[in-house]
There are 2 protein chains.
Amino acid sequence: MEEKNSTKAIAVDAMGSDMGPAEVVAGVAMAIEKGWAPGNIVVVGKEEVLEGVLEEQGLSSHPRIELFAASEVIAMQDKPIQSLRSKKDASLVRAVELVKLGTCGAAVSCGNTGSLMACATLKLRPVEGVSKPALASVWPSLENRFVVLDVGANPQCRPENLLHYAILGHQYAQDALDISKPRIGLLSIGTEEGKGTDLTDQAHNLLKGLGDQINYIGLIEGFQLFNNEVDVVVTDGFTGNVILKTCESLWKMLKGLVTEEVRKSPIRMAGALLMKGGLKAAKNRLDPKKHGGAPLLGLRGTVLKAHGSSDREAIANAIRIAGTAIEHDLGAHTLAAISNANETLKDQLASGN
Amino acid sequence: MEEKNSTKAIAVDAMGSDMGPAEVVAGVAMAIEKGWAPGNIVVVGKEEVLEGVLEEQGLSSHPRIELFAASEVIAMQDKPIQSLRSKKDASLVRAVELVKLGTCGAAVSCGNTGSLMACATLKLRPVEGVSKPALASVWPSLENRFVVLDVGANPQCRPENLLHYAILGHQYAQDALDISKPRIGLLSIGTEEGKGTDLTDQAHNLLKGLGDQINYIGLIEGFQLFNNEVDVVVTDGFTGNVILKTCESLWKMLKGLVTEEVRKSPIRMAGALLMKGGLKAAKNRLDPKKHGGAPLLGLRGTVLKAHGSSDREAIANAIRIAGTAIEHDLGAHTLAAISNANETLKDQLASGN
């Protein structure tokens, strides 16, 4: 249906991780070893650097790793739009272009989020029927994990955007994260109708109209997020971005606070040493590296933003998720689901927004 | 200026705490003992219950404790508006009425938030020049604490609402929390102009126009919240409510996760035992009970919502904060600051919104 899904190759921007290209390449090798890559991996970046790295790791003539040269690198502090104009041969740009050309079915990058988002949005067309793409983020919960979208691509949403985000999140949870009947919630300030804003009211009405096309559980509030009550949290890019960053800030504060208190006495420090395994296990369960990064959804082709400090395991996991999305034909399913929803709600969409 | 501030008495709804009226009365006694109440305390609730409690605690003829009878109690699960209609003699209603009548300068209640908010908004007039009141919430940070408003009174804000919230937050931080030059930030999804929504853009323009009337540090993002960079976080009631509840959910999940991991081995449990002091100290520093609860700001008279599970210390602290607000003349300062701001920005306000 979508020609992009005909290829199972994955493009990996090797230049974006804080840990350097050697770590990214090691992640590529790990993904292949574990059987997580459904096709070849195209490693994108500075030719001389990557040739050296591949040589060192004994991967120069690996039958499933290819090198695609890109002479420039977009830095974390570069401005999104300017960087795309001035660095046309940047590794993240080339990785996205390989998806655009149909050479690869997905791209993975740990580079500058804004640049990657802008590049993918400009170069890859949206899925037919979707007006705005969404940046999603996968969060850990006590038992599981859940997807939040949008976390910043579209701060000022219309009801139909939220409708589409519900479908994009549903399809991603199903095809990339292997959640069979994802529970979709619309984030508001109470579970009763009419407690939120005009935007949540209208989006809620649209979502109710979908019937059993998705498993819509209705309006949810912040209390329910980490509580294993929901698999996909739908919200506008302003709210999503604010809670993403606020949670990161709270988490850092709590770690700092406990560390500070523990350091106040040798007994507490001894206790922390004994507890170390437990704290590490808890931290591991929360580790965003396991979840393959933040996908940009609603475009023709899968683009995954991995964390800037990704190590080989994080890269391998991002490849695993991208591979699952390709194998399950996320692109074709998304196109069909969006078209289905737009058809079901065509009267409401025509009159409402 | 405001006749409400002429009285230093504080009305305390004795019926709303999960811990029962005896605990609330013990908190009243504690506040008086510590010198935290600038005037008398009027304890509001069921006469026979409170007479018994006062008797038991040897407070029946305390010169600074008065009893005001209210025969009904609004329960936590009651619907806000309905409860106000059906329970006209409820303790939280009477406590607010004592403020309305000028008998008390402030009211403290741990009861149903929605009912308290609705009751105060219906019964107390807004400060002149303020169109919508805000519910504020005081949060702990590593070094300090900060105020977030609105956390749910007004989910759909206009720019002028956010302007007024900045001033209400500024004045509360200064007069009730004793922060001398509070740093005010407007919550957005980046610190650059134009990255948020039309609402944040327009509110930011208004706030910049205030000059040195407040210490406006500009647009902030979620990362900065618990980082001791800001004393007052201004946001709309939708976003504020969502982050309040999401942070509570994350905090619960983290506690659950660590407990679960610790229980997996006796060594870890021994470690947790040694660390106990540190964990408890950390928890104490985060304790919302120290911060006196959530004030409803922008009304003529101070109304504080204390946590539903408030113990005597929490009640005493709420009385302390209410007392500080009365002593510092929060009401008069707020009226003057709002009028000042509206005057400074009158052209922008007339044209803009």
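Start in chain A by selecting helix H6 (residues 159-175) and helix H7 (residues 198-208), which pack at an angle of about 50 degrees with their axes 8 Å apart. Axes here are lines fitted to C-alpha atoms over the stretch in contact, with angles from 0 to 180 degrees between N-to-C directions; helices are DSSP runs of H or I with at least four residues, and strands are E runs of at least two, numbered from the N terminus.

This is a predicted model, in which local features need pLDDT of at least 70 and side-chain atom pairs count only at pLDDT 80 or more. Residues are numbered from 1 along each chain, chains are lettered from A, and side-chain values use heavy atoms.

Next, select A:Pro159, A:Glu160, A:Leu162, A:Leu163 and A:Ala166 in H6(A); they meet A:Leu199, A:Gln202, A:Ala203, A:Leu206 and A:Leu207 in H7(A), contact being heavy atoms within 4.5 Å.

Move to chain B and select B:Thr239, in helix H8 (residues 237-262). B:Thr239 is buried at 2% relative accessible area, where buried means under 20% with a 1.4 Å probe and protein chains only. Leaving aside neighbours within four places in sequence, B:Thr239 is in contact with A:Phe238, A:Thr239, A:Val242 and B:Leu187.

Finish at B:Thr302, in strand S11 (residues 302-305) of chain B. B:Thr302 also counts as buried, at 12% relative accessibility. Not counting residues up to four places away in sequence, B:Thr302 touches B:Gly105, B:Ala106, B:Ala107, B:Ala325 and B:Leu330.

Technical notes. Buried means under 20% relative accessible area, exposed over 50%, partly exposed in between (1.4 Å probe, protein chains only).
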